[in-house]
Amino acid sequence: MTDALLYRPAAPPEPERRWGEWRQALRLPVTLRNIYRIVREDFQAGVLDEYLWSFWGFHHEPGDLHHRARPWQKVDLKAIEPGNVRGIARWEMALMLNMAMEDEEPIPDYTRQSGEGFRFLLPALGRFMGKNEEQSRYGAGHGVAWCEGAWCAEERRHSNTLARIIERLMGMPPRRDNPNQPMVVTADDAAAVRHLISRQTTEWNASSSYVVMAAHAEGPLHLVLRNLERDEVKHLCIMSAADTYLFGPRPWRRFVALVKKGLENFTNQKKSRSGGEVFGTNPVTAVEGIASHLLTEYFLRRWLRTIPLLTLTAVFETESAAPRLLAAELPPERQAEIDATLSAERARRVGLERWAPRARQRALDQRQTQDARHQQRHERIRNNWYAAGR
Ligand SMILES: [Fe+2]
Ligand SMILES: [Fe+2]
């Protein structure tokens with residue numbers, strides 16, 4: 001297909017843009033109310049409990065399809081039309097969709113980052129998200145390019161769906177020659193911790209920006225954006241729970257780290273994405289984006305506080321029964337080294353060694369006395385999943 005037949009993000013002339021911003025500003029109260037309603041509904045504690053428990057399910061009940069990918073609400077993409085965009089200029093909605101598509105596209109590269117990056121820090125998370133170095137090498141050598149984690153199954157549907165939406169809204173398909181270059185992540189401790197922050201930031205940005213887009217959408221467009229958004233909320237909830245398990249409750253330190261990383265990503269996106277020069281120049285969209293980020297953080301944090309260590313340990317530490325992935329053979333001395341690091345890292349996690357001293361002591365005492373409130377909350381999280389008929 002020639003370039004002329006492909007969608008490329010472009011802004012209209014200045015006066016038209018300003019007029020659009022005015023109209024969007026007048027509608028701001030309605031949009032903010034929509035954002036609040038979406039976040040309140042999609043961050044209910046019971047919903048997040050289920051997402052967290054599905055991580056356990058992925059490792060222990062691999063036969064259950066619900067654990068392999070979050071079920072989507074059926075939407076007819078062909079029914080999406082430009083009239084579904086409300087309260088924002090259509091070109092700006094398409095620009096946001098296109099940026100999201102470029103971010104979502106290199107999923108196979110991200111799965112290698114996380115599979116290798118988390119192999120020692122939190123192996124259950126590594127398996128959920130991707131493949132380690134020797135598993136990727138085996139896959140590449142045998143024509144198995146894909147990864148078998150639930151995270152991949154959920155992410156792989158995003159960029160294609162976004163491309164279809166853009167085509168419906170703009171009347172032509174977007175370019176798919178992606179300028180995005182994922183970085184290389186190693187498994188050493190500092191890199192793995194940085195990667196955990198980076199993943200949380202990405203899932204937070206993705207959730208919050210799909211919330212904004214959904215707040216400007218009606219009908220089938222709204223429904224499909226909610227599908228994408230809920231996948232991202234699930235990832236955000238699992239990543240953040242993993243952060244709490246590894247580092248203990250540290251809401252403000254985590255928040256500062258995420259905001260710093262988010263600002264860095266924003267600057268890079270402006271430089272490297274198609275249409276990046278106009279991204280972030282509309283002050284009304286900026287207000288909506290900030291409100292959405294703050295609300296998602298508020299509701300997530302409220303939920304995180306209620307998760308007992310008992311649940312975090314059950315979810316992130318139990319021996320996985322997920323099918324073992326085939327891997328390239330390693331020399332015996334390298335394998336012995338890997339096994340030793342795995343057990344040292346496990347002892348470090350179970351001993352809560354990365355936690356701040358006071359929080360650590362409190363949690364260890366609660367673990368010892370088997371706090372009844374925590375037991376009850378743990379049972380509720382576990383039973384919620386089964387009560388929902390899974
Ligand atoms: Fe995604
Ligand atoms: Fe995600």
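Guide: In this predicted model, Leu-28, Thr-31, Leu-32, Ile-35, Tyr-36 and Val-39 of helix H2 meet a set of residues in helix H13 that includes Val-284, Val-287, Ala-291, Leu-295 and Phe-299.

Visitor: What makes H2 roughly parallel to H13?

Guide: Helix H2 (residues 28-42) and helix H13 (residues 283-304) pack at an angle of about 25°, and their axes lie 10 Å apart. Angles under 35 degrees count as roughly parallel, and therefore H2 is called roughly parallel to H13. The crossing in which H2 passes H13 is a right-handed one.

Visitor: How do you know that the span of helix H3 agrees with the 1.5 Å a residue?

Guide: Helix H3 (residues 45-60) has 16 residues and should span 22 Å at 1.5 Å a residue, and because its end C-alpha atoms are 23 Å apart, the two values agree. Among the buried residues of H3 are Leu-52, Trp-53, Phe-55 and Trp-56.

Visitor: What is the reach of helix H9, and what is expected of it?

Guide: Helix H9 (residues 150-170) has 21 residues and reaches 32 Å from its first C-alpha to its last, which is close to the 30 Å expected at 1.5 Å a residue. Just after H9, Gly-171 takes a positive phi of about 80°.

Visitor: Why is Ile-166 called buried?

Guide: Ile-166 has its place in helix H9. A residue is buried if 20 or more other C-beta atoms lie within 10 Å of its own, and Ile-166 has 23 such neighbours, so it counts as buried. Leaving out residues up to four places away in sequence, Ile-166 touches Tyr-7, Ala-94, Leu-97, Asn-98, Met-101 and Pro-174. The C-alpha atoms of Ile-166 and Pro-82 are separated by 9.7 Å, although the two are 84 residues apart along the chain.

Visitor: Which residues touch the most other members of the largest nonpolar core?

Guide: That core has 84 residues, and those that touch the most other members are Leu-52, Leu-97, Ile-166, Cys-237 and Ala-242. Helix H11 (residues 219-247) gives the most to this core, with 13 residues. Apart from its neighbours within four places in sequence, Leu-97 is in contact with Leu-162, Ile-165 and Ile-166.

Visitor: What makes Asp-188 exposed, and Leu-6 partly exposed?

Guide: Asp-188, in the loop between H9 and helix H10 (189-215), has 12 C-beta neighbours inside 10 Å. Since 12 or fewer makes a residue exposed, Asp-188 therefore counts as exposed. Leu-6, in the segment before helix H1 (14-26), has 15 such neighbours, so it counts as partly exposed, the class that lies between exposed and buried. Leu-6 and Met-170 are 164 residues apart in sequence, with their C-alpha atoms 9.7 Å apart in space.

Visitor: Why does Leu-352 count as buried, and what is its phi?

Guide: Leu-352 is found in the loop between helix H15 (332-350) and helix H16 (357-369). Leu-352 has 21 C-beta neighbours inside 10 Å, and therefore counts as buried, the cut-off being 20 or more. The phi of Leu-352 is near 50°, a positive value in a residue other than glycine. Most residues other than glycine have a negative phi.

Definitions and conventions
Residues numbered from 1 in each chain as written. Chains lettered and ligands numbered in written order. Predicted model: local features only at pLDDT ≥ 70, side-chain atom pairs only at ≥ 80, totals over all residues. Core = buried A, V, L, I, M, F, W, Y, C linked by C-beta atoms within 7 Å. Helix = DSSP H or I, 4+ residues; strand = E, 2+ residues; numbered from the N terminus. Contact = placed C-beta atoms within 7 Å. Expected span 1.5 Å × (residues − 1). Axes fitted to C-alpha atoms, helices over the stretch in contact; angles between N-to-C directions. Parallel < 35°, antiparallel > 145°, perpendicular 65-115°, else oblique. Left-handed = near helix turned anticlockwise from the far one by under 90°.
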